[in-house]
Amino acid sequence: MESLFDGYTDASHRPSGATPWDEMFPDDATATEPVRSRYADIYPVLRKLDNEELRARTDALARSYLAQGVTFDFAGEERPFPLDVVPRVIPTNEWSYVESGVAQRVKALEAFLADVYGPQRAIHDGVIPASVISSSKHFHRQTAGIVGANGVRIQVAGIDVIRDEHGHFRVLEDNVRVPSGVSYVLANRQVMTQTLPEIFTSMRVRPVNDYPAHLLAALRAAAPRGVADPTVVVLTPGVFNSAYYEHTLLARMMGVELVEGRDLFCSGGRVFMHTTAGSTRVDVIYRRVDDEFLDPQQFRPDSVLGAPGLMNAARLGNVTIANAVGNGVADDKLVYTYVPDLIRYYLNEEPILPNVDSWRLEEPDALAEVLDRLDELVVKPVDGSGGKGIVVGPDASREELAALRTRLQEDPRGWIAQPLIQLSTIPTLVDEGFRPRHVDLRPFAVNDGDAVWVLPGGLTRVALPEGQLVVNSSQGGGSKDTWVVDEQIAPPDLNTGYETAAGDDLFETPSAYVIGANVTERFTPLHSSPADEDLVARHHQQQQQQ
């Protein structure tokens, strides 16, 4: 019987360069063990499905997403967010490694933000240069000293993780400003239980639907002192924002109000919202609006997306803005290169999840090496998002490389360079059947001040075009449901840091298993008119795929 997997193995090997690590098929696949153990229950079911039946299910899935409004804007067209039918499966003990690494990283970034907007000890001790901080686009001096009552600045984090050609997890970038995408995790899980019930019911998949409860608890924990029953709201830029579906979903699942800037006003150093019953005081704002648009008195005076006086109310301790304003300095990709040192400095621990090797182009020797190897490397703008501005050297034309060379020489601080990594692949349904497509993973972490909780699985993003390494939806990418399953796999060999049993699941370092409770200890910080519509539209474009 012809299978949709026919031809998959041939397509998974590159004619030149490194072969990606495939999540389903090992390199030494045999007739008796054709797939990795984590897919032992899934692969036989998928092989039995014929093309017509499987595509009928995926079409029903797309119609369901369109009806629910689970869409995104691509080239000016509203489309259902692509969800592939093959889930990404991660065994529990392997997930524990990722989970510990993400929690450790969030804790270190929390300490860094408290320090950089406070005594700046890391600068004085030579861990990170002052120029890196002061030149960051998202470092806002006017936010110094503003922090929630429980000292948390990162209530929600999205840490992008990849698996390299050797199967090792690495952090690709940090998102602690206004990370988005968790709504797709929740929506994907709901429809996957209906699309492939015969698979889902046979495996012990850890649930994800308790995320809103964890988020609400973290937001309430950050409320101003003395407020026993805080009023929490979700602040959205409005219906034209690409993540508006997520804003409405989270507000509904948390049971809180969804508001826009025009619904809020400040009086006497406090924040209130208009309701049909009169004005109501607001204690915590889970904002999905960029810093520069939150308060026209402090940032952009032409903004209509926030409310005048928000920053003053936050400074007085009468309202908490989550995530904290100014967190974007920790998203800066140049700061990213210093995070392993920051983990050692603040936590006195070795990083569990390593970075991707990176060149800091403001260093003359690094710039010279990168300019000499532009056609081999990936070059990224330090303040870019959504995959925009990235230049993949091997895929770039001579003209593009020449233009890039000029930009790097003119503004080396604005860029970093990294080696080209073949992200791991997963079978993905395309016109020819199942074919390998590159993926990354965005685990979401919630910090309530006492512990960092990581959502089991997170968002797996998939690059749908063949050979494409940029997974963002703005570049035509889609997603997969991520299943963390209970499966007994041999633990890593603590002498090498890598798993040796069956050659299946690899771990970068054994420190995940000896770090202990220190990973989640609480860190105590140191101390409309048409013109308006045009502004809103411009802001929506800036917020695409944050």
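Buried means under 20% relative accessible area and exposed means over 50%, with partly exposed in between, and these words are used in that sense at each stop. Keep in mind that what you have on screen is a predicted model.

Begin with Arg373 and Glu376, which form a salt bridge whose closest N and O atoms are 2.9 Å apart. Glu376 has a relative accessibility of 41% and therefore counts as partly exposed, and Arg373, with a relative accessible area of 25%, is partly exposed as well.

Next, select Asp302 together with Arg300, where a salt bridge brings the closest N and O atoms to 3.0 Å from each other. Asp302 is partly exposed, because its relative accessibility is 37%, and Arg300 is likewise partly exposed at a relative accessible area of 25%.

Then move to Asp229 and Arg220, whose side chains meet in a salt bridge with an N to O distance of 3.4 Å. Is Asp229 buried or exposed? Its relative accessible area is 58%, so Asp229 is exposed, whereas Arg220 is partly exposed, with a relative accessible area of 35%.

To put these stops in context, how many salt bridges does a search of the whole structure find? The search finds 28 salt bridges, among them the pairs Arg373 with Glu376, Asp302 with Arg300 and Asp229 with Arg220.

Methods. Residues numbered from 1 in each chain as written. Predicted model: local features only at pLDDT ≥ 70, side-chain atom pairs only at ≥ 80, totals over all residues. Heavy atoms only, no water. Salt bridge = Lys/Arg side-chain N within 4 Å of Asp/Glu carboxyl O. Buried < 20%, exposed > 50% of the residue type's maximum accessible area, 1.4 Å probe, protein only.
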